[in-house]
Amino acid sequence: MTDTLTTAAEVSVSGLTVLYSTDQGELPAVSRASVDLPTGKITGLVGESGSGKSTLALSMMNAVPAPGRISEGSIEVNGVGDVTKLEGKALRRVRGGALGYVFQASQNSLNPLKTIGKQLLDLGRAHDVKDLRELVHRAKELADRMGLDGDRVLDSYQHELSGGMRQRVGIVLALVLNAKVLVLDEPTTALDMLSQSAVLDIVRTVHRERGLTTLVVTHDMGVVSELADRLVVMYGGRIVEDGPTTELLQHPAHPYTRALITATARITGDTATARALPGRPPDLTTVPRTGCVFRERCALAMDVCAETEPELLAWAPDRRRACHAEPTGAEA
Ligand SMILES: Nc1ncnc2c1ncn2[C@@H]1O[C@H](COP(=O)(O)OP(=O)(O)O)[C@@H](O)[C@H]1O
Ligand SMILES: [Mg+2]
């Protein structure tokens, strides 16, 4: 795959295809995706619901739920190797170890029947942590830094915490074993505006202070436009565009990215002109199997778009797009 990144990659996804079983057989939720998470940067993975973002993110921990499976590709994590080859103990060690993962809020990963402190100890034991008191101490310190009362939080059950607090607890548990890579799936979804910006502030701060490599997965272009150094746009299981945030927002090169930006009032600064994207995103069974996956909603669609799937190619330094239309003159 063409790659113009000059910085080192902490995580390198290459030719990743992930299949789920449906009543029409196994179908790809992610198709031949190649993307790097540059060391020390915040990458935003954005696209409408169903575009395959969570599946791509879960793959980084080799945690695609069966009977779903990674059928092709590799995911190299610095200091770990190809996580798609790991299993058993080695895999459990990576999850929550080198890779900290905060699950989508709706699919809450916290156990409702155990206090947060108990879950912290479980995590420590699963990772053969010798000094559990030290682990608790570190968790409290992290929690305090995030504006939580560490002692109180560790004694709490998840239902005693607000959505914003739960999200912070998720980050504490993801980082307490000194993860180098932090993956947050929809960290602000289902939070009110105030808690949203509090959580985003925390992500920014811990990212910087701990020198993390961070991936923020969200359907909300507004969230990542303020937070991420780089954006990766997904549609129908494909990466359709990526590049540095500012450049990508100023000069989107894929019609889908343009549509996403236009639909985001927080970027256009104008609620009245923020138009919802016409049409609906496809699912596994309805995504076109030949040609461009976006063509049915695309104003620029041409004959070739129905016949040939556009490749994700570099068209400018550090910019890639998968589109048959002319790259220049089409910017929003
Ligand atoms: N366990 C599963 N089995 C079958 N299909 C799934 C499963 N999980 C997700 N999908 C489908 O895969 C596609 C991508 O889902 P997902 O990765 O969750 O997207 P996103 O996070 O962008 O909303 C969707 O069409 C979704 O319905
Ligand atoms: Mg998701």
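Here are a few friendly notes on the predicted model above.

1. Ground rules: in this predicted model, local features need pLDDT of at least 70 and side-chain atom pairs count only at pLDDT 80 or more, while totals for chains, interfaces and linings use all residues. Residues are numbered from 1 along each chain as its sequence is written, chains are lettered from A and ligands numbered from 1 in the order written, and side-chain values use heavy atoms, without hydrogens or water.

2. The sheet: eight strands form an open sheet with mixed pairing, in the order S6-S7-S8-S3-S9-S10-S12-S11 (strands are DSSP runs of E, at least two residues, and helices runs of H or I, at least four, numbered from the N terminus; two strands pair if DSSP finds at least two bridges between them). Strands S6 (99-102) and S11 (313-316) are at the edges with a single partner strand each, so one side of each has no neighbour in the sheet.

3. One pairing to look at: S10 (residues 238-244) and S12 (residues 319-321) run antiparallel, paired over two bridges. Glu241 has Arg321 in S12 as its bridge partner.

4. The metal site: Ser54 (OG) and Gln104 (OE1) coordinate the magnesium ion (ligand 2) at 2.0 to 2.7 Å (donors are N, O and S atoms within 2.8 Å of the metal, or 3.2 Å for Na, K and Ca; water is not among the atoms, so sites may look incomplete). Ser54 belongs to helix H1 (residues 53-59), whereas Gln104 sits 50 residues apart in the loop between S6 and helix H3 (116-126).

5. Asp220: this residue is in the loop between strand S8 (213-218) and helix H8 (221-227). A polar atom of the Asp220 side chain lies 2.8 Å from the backbone nitrogen of Gly222.

Conventions:
A polar contact is a pair of N or O atoms within 3.5 Å; within protein, one must be able to donate a hydrogen and the other to accept it, and residues adjacent in sequence count only if both atoms are side-chain atoms.
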